[in-house]
Amino acid sequence: RLFTVGLVDSIPDEWHFSGTFGIIIAWLTFRYFIYSLCATRARKPETFRTAHSTLSNFLILMAAVMIVTAGIISFTNISDETGRTVLIYLSAFLYLVSLLRERQILNSYCSHFQTFLYLCALEMFPLGALVSANILL
């Protein structure tokens, strides 16, 4: 198990992958819903569409890197807890790189304030809702 807090703990081991996948799909759906509300009012919708699709590119990269890292961890004598910590920090680092890339794309067409609002509304709010729901439930 990668996460051991709240809602994910209540999922039986045989359904853990499906439950985690469902939570991620719910997060991406929530993020897309908020994007669809915001992007229709943008002056340059192609910029926001490009910034929004940046996460998809980094999710593909993250999956490949995490599969390789998990394979390396499984062949070494690293404890499960250490391997879990490495994978969590690796995913957080790649997500941060994704946010920085989105900021670069948006700053080329938008003000810093608009970029900040976009990242708060479309990235931090859904992520905060996911983490809060996981901890509180």
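Modeller: The expected span of a helix is 1.5 Å times one less than its number of residues. Helices here are DSSP runs (H or I, at least four residues), numbered from the N terminus. Take α2, residues 45-75. With 31 residues at 1.5 Å each, α2 should span 45 Å, and its end C-alpha atoms lie 46 Å apart, so the two agree.

A word on the source. This is a predicted model, in which local features need pLDDT of at least 70 and side-chain atom pairs count only at pLDDT 80 or more, while totals for chains, interfaces and linings use all residues. Residues are numbered from 1 along each chain as its sequence is written, and side-chain values use heavy atoms, without hydrogens or water.

Confidence next. pLDDT is the predictor's confidence in each residue, from 0 to 100. The protein's mean is 78, and 85% of its residues reach 70 or more. Where pLDDT is low, the predicted coordinates should not be read in detail.

Now burial. Buried means under 20% relative accessible area, exposed over 50%, partly exposed in between (1.4 Å probe, protein chains only). The buried residues of α2 include Phe48, Leu55, Phe58, Met62, Met66 and Ile73. His52 and Thr69 are also among them.

Look at Thr54, which sits in α2. Thr54 has a relative accessible area of 5%, so Thr54 counts as buried. Contact means heavy atoms within 4.5 Å. Setting aside neighbours within four places in sequence, Thr54 touches Ser98, Arg101, Glu102 and Ile105.

For contrast, turn to α1: Phe33 is found there. Phe33 has 49% relative accessibility and therefore counts as partly exposed.

Note on methods:
Helix = DSSP H or I, 4+ residues; strand = E, 2+ residues; numbered from the N terminus.
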